[in-house]
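Subject: Structure for your review

Dear colleague,

Please find below the structure that I am handing over to you. My findings follow it, arranged by topic.

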Amino acid sequence: MSRPQLKILDRVARVLPQIVVAPSFALILFFVYGFIIWTGYISLTKSKMLPNYNLIGFRPYERLFQMDRWSVALENLFIFGFLFIVIAIVIGCLLAILLDQKIRAEGAIRTIYLYPMAISFIITGTAWKWIMNPSLGLETVVRGWGWESFSFGWTNSETMAVYALVMAAVWQASGFVMALFLSALRSVDQDIIKAASLDGASPWKIYIRIILPSMRPVFMSAVVILAHLAIKSFDLVVALTGGGPGYASTLPANFMYEMTFRRNEIAVGAASAMIMLATVAAIMVPYLYSELRGKKHG
Amino acid sequence: MKSFAKALVSAVALSSAISAAPLMAEPKAEVLHYWTSGGEAKAVKALQEAFSARGGTWIDAPVAGGGGDAQAAVLRARVLAGDPPAAVQIKGPNIQEWAEAGALADLSDVAAAQNWDSVLPETIQAIVKYEGNYVAVPVNVHRVDWIWANPEVLAKVGATVPTTWDEFNETAEKLLAAGIIPLAHGGQPWQDATVFETVVLGIGGVEFYRKALVELDMDALGSDTMVKVFDQMRKMRGYVDPDFPGRDWNLATAMVMRGEAAMQIMGDWAKGEFAAAGKVPGKDYTCASTPSDNGYLLNSDSFAMFNVKGDDLVEGQNLLAELILGTEFQETFNLFKGSVPARTDVPRGEFDECAIKSMDDMVAAADGGTLLGSMAHEIAQAGAVRGAFIDIATAHFNSDMSSQEAVEKLVSAIKLAQ
């Protein structure tokens, strides 16, 4: 009597995980991948104010790459993304190493460095906008101290505005990178370090030769997290520079918004979104590939 | 998904239709707008009260923020879902685009009954008509080509408000020498474009403006006159202070009020800032049109009526249209908003000196054929073309691009956007 019943329960138990994840799987399939396909399709049409479903080929992409605003946005993305990732990792790593020296009040200091990450980019952008405003920020303060020739008008300069973005973004993210590295530092096998120092290796050599190489996976995670932060950056630009002066500091996400929602150029906006997706994929796919391959070997 | 949304929308529509059924054909209108702050909100409230007083049910659908961008997204979604609001605040060529998409209702009956053709200037009629039929109702007219000046500051260098661009440059040089900022300006793309279009009108004249910015004549866009326009823009760049990037327009207005700067080129919404600070026109500030051959750049807000089903909704649209263009509402609304009425026969008693000058100039410009739509404010151009103009104007103003290069970029950008 009880045997068939058990069998049914057994079966249910076996498919239960599938049943439980099915709704979220379906939702993600539709709302993420479905709309990626929709956007890809729209980017091959001549949609203007309203979506239009007649395919016209790659004309929107041609127009996209003829637009000066887009080339500026793309170039900015590379400058911003590269500097942001490199500087945030270097600073985060240094902070983590310094915090790892068994100093007093480490918990409090760690929290202080980590906190900027809890602030939204809008706030970061607005605060830095005021700090970098020549007439009420840092420049005025330093000049007030007597350094009359000091000048710090990055947000007002066509060539420097994108570096102002880097600065604010690094300020926000490096504490987070520090936390990542700190936990990795703590998980390094202490016996190896002891063995190395018994062999007479200097602390510097231990970091360079042993600890940092063993943290390779953390470097990878940091790069991936920071890279997607960089590519989807939108609010920081809006709050800090408004894309200006002119459109000198726009990023692709701002371009996409401008085209799709303000200029009745849905097809071009969709095309730019697809290029952004391709950029993310160019970073993510090799990473996932190496991760998955690594797991098989391990 | 789309069919599900449709089903949902029709279910909601059905249930509201059932509940509304006993009150047959009582006027009702859902109004989608982005007037949510200050004088604008008061102005909308006045319309709402007038509508209720005539027995109508007003469903308010304000979408705050983004200068209409957020509203445009809502509108697109509503139309695609087959459930458009009755009246929507849209303007300029966007009206034509929606009309072309077949989404707008015909208002010819109200227009004929209220005799709109005889009270609206032709330039404004052209904005709100599609294939000869009214599809939208103009609410107001803002003039864009204004100089707001602080007479006291100008007097310091023995100058008055300039009436030619040469005089403008001379006065500006004198102000610079005296350590005063000649031009209060905010470096946001739309503000750069606002100055740009007044310079196009001033340097090129009415006909050139019409050819280049309205008809997009490639010869005019690539002409030597356009080079001169950019030369003047380069001079103007020297007349603003170094902190101008990103500044909001009302902060620039405040600089004129405080006497830090002498002049601002801005539409007449700037008047609201002066009024809020208790400043008196003619005494604390003067309003003058930017130098041109009697040109008048207008920015006009309007409500377009969308195709809706149901007697009560159509009734509501007609009543709304009648009220919006009625003398009474045109007067109250524009007093709140700081603009002038779109119709030319509204009593002038309550309006200030700048508004009266604006009304006189508008009538004169309409008669003389020099009444033009603003490019920067989405009357002459919208969407991609307007964006292309703004891109080039702001890129030139904020860099050291040569005038020749700017003209070349302008021609290719406009071609690309068409």
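In chain B of this predicted model, five strands make up an open sheet with mixed pairing, and their order is β2-β1-β3-β13-β6. The edges are held by β2 (57-62) and β6 (136-138) of chain B; each has a single partner strand, so one side of each is left without a neighbour in the sheet. On average, and ignoring direction, neighbouring strands of this sheet are turned by 20° against each other.

Within this sheet, strand β3 (residues 87-89) and strand β13 (residues 302-305) of chain B run antiparallel and are joined by three bridges. Helix α16 (residues 311-324) of chain B lies across β1 (28-33), β3, β6 and β13 of chain B. Relative to β1(B), helix α16 of chain B runs at about 60°.

Chain B also contains an open sheet of four strands, again with mixed pairing, in the order β9-β10-β8-β11. Here β9 (181-184) and β11 (286-289) of chain B are the edge strands; each has a single partner strand, and one side of each is therefore left without a neighbour in the sheet. The pairing of β9(B) with strand β10 (residues 261-265) of chain B is in the parallel sense and extends over three bridges. In that pairing, B:Ile181 has B:Ala261 in β10(B) as its bridge partner.

Turning to the domains, the assignment for chain B gives domain 1 (2-142 + 301-357) and domain 2 (146-298 + 367-417). The C-alpha centres of these two domains of chain B are 31 Å apart. Their contact draws 16 residues from domain 1 of chain B and 15 residues from domain 2 of chain B. On the side of domain 1 of chain B that touches domain 2 of chain B, at least two residues each are supplied by α4 (93-100), α7 (122-128), β7 (140-143) and α18 (353-368) of chain B. The largest share of that side, three residues, comes from α18(B). By class, the side of domain 1 of chain B that touches domain 2 of chain B comprises five nonpolar, seven polar and four charged residues.

Helix α5 (residues 121-132) and helix α7 (residues 161-186) of chain A pack at an angle of about 125°, and their axes are 10 Å apart. The angle lies between 115 and 145 degrees, and α5(A) and α7(A) are therefore oblique to each other. The crossing in which α5(A) passes α7(A) is right-handed. From α5(A), the residues A:Phe121, A:Thr124, A:Gly125, A:Trp128 and A:Met132 meet A:Ala164, A:Ala168 and A:Gln172 in α7(A). By class, this contact of α5(A) with α7(A) has five nonpolar, three polar and no charged residues.

Finally, I turn to the two chains together. How many residues of each chain are in contact between chain A and chain B? The contact involves 26 residues of chain A and 23 residues of chain B. On the chain A side, α2 (59-66), α3 (68-99) and α12 (252-262) each supply at least two of the residues that touch chain B. That side of chain A has eight nonpolar, 11 polar and seven charged residues.

Yours sincerely,

A colleague

Key:
Residues are numbered from 1 along each chain as its sequence is written. Chains are lettered from A and ligands numbered from 1 in the order in which they are written. This is a predicted model: local features need pLDDT of at least 70, side-chain atom pairs count only at pLDDT 80 or more; totals for chains, interfaces and linings use all residues. Two residues are in contact if their C-beta atoms, placed from the backbone, lie within 7 Å. Ala, Val, Leu, Ile, Met, Phe, Trp, Tyr, Cys and Pro count as nonpolar, Asp, Glu, Lys and Arg as charged, and the others, Gly among them, as polar. Domain bounds come from an automatic or database domain assignment. Two strands pair if DSSP finds at least two bridges between them. Axes are lines fitted to C-alpha atoms, for helices over the stretch in contact, and angles run from 0 to 180 degrees between N-to-C directions. Angles under 35 degrees count as roughly parallel, over 145 as roughly antiparallel, 65 to 115 as roughly perpendicular and the rest as oblique. A crossing is left-handed if the near helix is turned anticlockwise from the far one by less than a right angle, and right-handed if clockwise.
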